[in-house]
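Hi there,

Here is the structure I promised to pass on.

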Amino acid sequence: MGRNTRKRRTPLATKAIAASAALALGGGGLIWANFYASAHESNNQSWGGNQTKAATAQAATISCPDVGQKLTNVPNAARQGVATELANLDKQITEAYNRLASTRNAQQQDASFVQNAIVGPLKEKRSATIDRIRIDIQRVGGSFDNALKQLAACTTQTANQTNAGGSQQNGGQQQGQNGGQQQNGGQQQGQNGQQQNGGQQQGQNGQQGNIGGQAGNGPVAADFVDITKVAPNVQGKPRKTGNASTGTFTTRCGVNANKNFNTDNVIVAPGVTNGAHHLHDYVGNQKINAFASNNTFLQGGTSCQNRSDLSSYYWPVVRIQDGTQDFDQNKDGGGKEGNVGRILTPAQAQIKYVGSPASKVVAMPQFLRIITGDAKTTTNGLANANAHWSCTGFENKVQLTQQYPICPQGSKVVRTFAFQSCWDGQNTDSANHRTHVAFADPASGVCPNGFKAIPQLTMRLVYNISPPTIQNGQVKNAYAVDGFPEQLHKAATDHDDFISVTKNGLANKIANCLNSGQNCA
């Protein structure tokens with residue numbers, strides 16, 4: 001997905017459970033909860049023995065303010081042009097990161113190299129692009145906030161400044177999926193937590209400053225945790241009211257066994273080839289690319305068993321970094337942008353719509369677009385993170401956001417998504433692709449004022465992955481989700497995309513099924 005984010009409503013009634021006081025949840029079966037209040041992990045265990053701060057302060061990645069999240073009111077007539085320019089900003093960051101990663105020797109010899117050769121020119125390019133966004137908006141009579149011009153400047157971040165990955169220590173609590181603000185003064189660890197044994201990561205050519213991983217941009221050992229050593233952190237669901245919509249509707253759309261891939265994202269970068277800069281699995285609608293339109297969706301066919309479900313469900317692929325090269329090793333969005341390794345097809349891809357614990361739901365509008373999670377949490381922070389990683393047999397107990405689980409033998413890796421379940425009742429999209437939908441309150445399940453409850457899309461992706469191993473502070477046979485190259489393949493960058501397209505009254509059938517308390521498929 002793209003880089004656009006929106007600050008979520010902070011749930012005042014709910015705090016995440018600290019590891020030392022976590023609620024132990026029993027019971028078997030799969031967890032099809034709404035994850036209203038599942039916590040970011042808090043974990044004092046680490047691999048590789050005692051951790052000490054890395055000696056290097058060398059720049060690890062590029063961090064740029066997210067212009068797209070600030071554009072909440074773009075006239076419809078300007079949206080295509082603005083989307084194209086936002087995609088240009090993404091491309092500029094990618095190019096700057098690649099230059100940062102390929103000039104380590106020059107950086108060591110010249111302290112001003114990064115500023116003069118990378119960050120400074122990047123600011124100039126971004127300034128020009130932001131000005132073109134201003135022109136696009138004002139040309140059709142819209143208003144432009146000149147404060148956005150201040151977002152042109154970027155910075156670099158060292159390995160222990162980034163906001164995702166690594167373990168939390170000192171008992172610091174975080175809020176769950178709908179929050180993102182820390183409680184009780186808990187501090188986040190840096191991108192690699194703290195590197196083990198004081199060792200600096202070595203580059204592919206022996207240069208210092210490499211961020212690890214097969215392509216040199218992650219993941220690292222501290223991005224993984226033995227799930228058996230993480231305290232339970234899954235909280236209970238809101239109580240159902242008498243007006244709850246208690247049914248479920250399952251749609252079976254396969255696992256992308258036919259390898260329907262591309263690196264586009266028609267939601268955030270329509271008309272832009274490689275707008276995502278990473279590879280997506282697609283199930284459901286089979287004609288989704290950067291140039292698809294609503295009419296294309298209706299003609300697209302579907303991988304779903306229910307032929308009336310033409311919706312598009314797509315997510316970044318997971319790869320095993322075992323030295324293998326896949327078909328896109330030398331392509332944009334693939335190996336050319338740090339997404340390397342063997343692409344995994346999910347063993348299972350379960351798609352289910354669930355109801356609201358507080359009210360009946362209305363049918364999803366045709367062509368509704370929803371993005372959940374944030375592909376840019378490494379530099380944006382966790383405000384919009386909605387990643388949930390776990391293992392079979394642990395889903396009711398532990399859900400991880402900032403680390404990938406190392407599962408015990410016989411257990412499989414699980415990615416779970418619970419989409420926003422409240423709709424503004426008017427718009428099928430918004431300028432930043434966020435503000436037309438919202439999460440329900442995690443304590444009550446009630447939608448914000450002015451929003452209506454819709455069927456909540458939940459997805460569960462299961463993978464057969466041999467457990468990575470940690471040796472001398474290095475991870476072997478790591479797995480990671482695809483992402484923008486400068487995001488360093490952190491677990492928290494996981495995200496999911498959805499376009500609702502139905503025919504033959506299916507949207508109403510789904511809503512009626514949930515409202516009547518039935519379990520339909």
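This is a predicted model: local features need pLDDT of at least 70, side-chain atom pairs count only at pLDDT 80 or more; totals for chains, interfaces and linings use all residues.

Residues are numbered from 1 along each chain as its sequence is written, and side-chain values use heavy atoms, with hydrogens and water left out.

The structure contains five disulfides (a disulfide being a pair of cysteine sulfur atoms within 2.5 Å). Counting the bonded cysteines in sequence order, they pair as 1-2, 3-4, 5-6, 7-8, 9-10.

One of them joins Cys64 and Cys154, with 2.1 Å between the sulfur atoms. Cys64 sits in the loop between β1 (59–63) and α1 (67–70) and Cys154 in the loop between α4 (113–139) and β2 (155–158), so this link ties together parts 90 residues apart in sequence. (Helices, H or I of at least four residues, and strands, E of at least two, are DSSP runs numbered from the N terminus.) The link is right-handed, with 110° about the S-S bond. Cys64 is buried at 4% relative accessibility, and Cys154 is buried at 7% (buried means under 20% relative accessible area, exposed over 50%, partly exposed in between, with a 1.4 Å probe and protein chains only).

Cys422 and Cys447 form another disulfide. Its torsion is about -85°, so it is left-handed. Cys422 is buried at 0%, and Cys447 at 16%.

Cys513 is bonded to Cys520, and Cys513 is buried at 2%.

Best wishes
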